[in-house]
Amino acid sequence: MEKLTEAEIKKLKEISRELRCTSLRMIHKRQAGHPGGSMSAAEIVAILYFKIMNIDPHNPNWEERDRFLLSKGHASALLYAALAKRGYFPESDLEHWGELGCHLQGHPDRLKTPGVDMNSGILGHGIAIGAGIALAAGQKGMNYQVYTLLGDGECQAGLVWEGANTAAKFHLSNLTAIVDHNGVQLDGFVQEIMPIEPLAEKWKAFGWHVIEMDGHDIDQLFHALMEAKQTQDKPTVILARTIKGKGISFMENKAYWHGVAPNDEQLAQAMQELGEEI
Amino acid sequence: MAGRSMREAYGQALLAYGEKNQRVVVLDADTSSSTLSKYFTEKYPQRFYNIGIAEPCMVDVAVGLALGGLIPFANAFSALLALRAIEAIRSNICYARTNIKIVANYAGVSDYKDGPTHHSITDIAIFRALPEMTLIVPADADQAAAFVPLIGEMDGPVTMRISRAGTIPVHRGDEPLQIGKGIERRKGIDITIIACGSMVGRSLRAAELLEKKGIDVCVIDMPTIKPLDADLICEAAARTGAVVTAEEHSIIGGLGGAVAEILGEQQPVYMRRVGIADTFTRTALDPDSLMDACGLSVDRIVQSAEDVLKKKE
């Protein structure tokens, strides 16, 4: 199996760090957004956009591209940071996120922002829509992969499991779901709000290939995504254990930071912890 | 008073259109034997997806297929599409403007035997409130069939609301049909009846009874509820000075509401809405007697026309 070089791992770690910094700056500037779930998914989004996915920023609607659905659409800052860094639009656009005239909406909008494959915001849709895109590949004789990133709290939504049934029924091995399994949702700990464990057993029972790993470990992420791509006859779910607010001491594992923007002092401290000058 | 059932005509038309257009894929939510999407299914099983009793998921899978460049026809009962699946329809079809054709079957009270859970009397109000949605309510079986290629060729979200039952036939095979245009089925100068779906044929019957009383009635068949043909409505209202609307739907938010919005702002005239009063329906042994019991009888249209004419005088 293909392996990442030390240089690639170093590069992807640095990109993850940059995406965290950019996302936090965006959320601070706008005084709105979702820092906790953006920090937890930074490595996942970094490896998809900068190593795994077959995409062309100069041709965002290329029919044979791999697709990414941010089912947990509230991590939009992270997606926008990645798309800008990848060259879909100027990084200076990020400063205008949420302004009336800006293409960057609170949650992703495929018609406004180049590189956004599908709108999201209401949780629960990514698996079922991903299943449809994966089915279309079969109809069209194409080989693209479909990736969808969802939250663990999102797994409380019944529609996730309707989609899981569907993807298994149609043997959609070109569909990979990644659960940002950070254990925290808006109102508190997932296991207190509405328990979802045993999550791996549930996905297995729904007919999916299940991989459990550390969602902040670039090498493990790479192996999991390679294994997903090589899995035949069934969809794969990667249960990526992550830390909500990862990298910022006062945000880690705190439900408070699900949807609250840092103030000036908090941003300064966060940037310092991320090794960045403000 | 029914002709060929609308679902039968739709099922055959979907098969015929799907034969011509290879981009068509069909989805159903365990109702293909009811919606008659099964005619397509039997011939083209590789282009058919049965998603089971999971209407929001069916909508989302259709969304994905559309994003992949196909033209999905998503079939289910209208009550479930308009209520259970509406968030997926709003967010992922309308807001994301994906090219999907929703065929909302068993509309109105046409599933007479299954009762109010299965009757769909608020769907026009719901679908027409959604930005980007085009809403078609064909008047009879042939018109439903004729709309299939039109909605298939149109780029963008469409809902076609069709009945389980047959209706009084009104569509002439060779007549031009255009999304967004009403059809004047009968010319008249005293009053205008604007109707959709099963109530077009009933309105023409009512017009014949009114003619015997010396009242000259204009009848407009309005198969596109959105975008609504405001020019035709205002022109007829200005000419006749009185309007009755008729629909197999709640009087709240349906065709009558849409016409009232136009007339109130552009051409105020006296009007009456014939529809289901703000109440739940009930079970019956046949669709026609149920429609009559729900306030949709020919006599009710006649009576409403006479009431409006008294006001006009």
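Leaving aside neighbours within four places in sequence, which residues is Asp278(B) in contact with? Here are some friendly notes on this predicted model, starting with that residue.

1. Beyond its neighbours within four places in sequence, Asp278(B) is in contact with Ser250(B), Ile251(B) and Ile252(B). Asp278(B) itself belongs to the loop that runs between strand S12 (270-276) and helix H12 (287-296) of chain B.

2. Is Asp278(B) buried or exposed? Asp278(B) has 9 other C-beta atoms within 10 Å, and a residue counts as exposed at 12 or fewer, so Asp278(B) is exposed.

3. Now for chain B as a whole. Chain B contains 13 helices and twelve strands. Its radius of gyration is 19 Å, close to the 20 Å from the globule rule for 313 residues, so chain B is as compact as a globular protein of that length. The C-alpha trace of chain B spans about 60 × 40 × 35 Å along its principal axes.

4. Among contacts in chain B with a separation of 6 or more, 79% join residues 24 or more positions apart.

5. Finally, the interface: 22 residues of chain A are in contact with 23 residues of chain B. On the chain A side, helix H5 (126-140) and helix H6 (158-169) each supply at least two residues. H5(A) gives the largest share, eleven residues. By type, the chain A side that touches chain B has eleven nonpolar, seven polar and four charged residues.

Methods:
Residues are numbered from 1 along each chain as its sequence is written. Chains are lettered from A and ligands numbered from 1 in the order in which they are written. This is a predicted model: local features need pLDDT of at least 70, side-chain atom pairs count only at pLDDT 80 or more; totals for chains, interfaces and linings use all residues. Helices (H or I, at least four residues) and strands (E, at least two) are DSSP runs, numbered from the N terminus. The radius of gyration is taken over C-alpha atoms; the globule rule is 2.2 Å times the number of residues to the power 0.38. Two residues are in contact if their C-beta atoms, placed from the backbone, lie within 7 Å. Ala, Val, Leu, Ile, Met, Phe, Trp, Tyr, Cys and Pro count as nonpolar, Asp, Glu, Lys and Arg as charged, and the others, Gly among them, as polar. A residue is buried if 20 or more other C-beta atoms lie within 10 Å of its own, exposed if 12 or fewer, and partly exposed in between; C-beta atoms are placed from the backbone.
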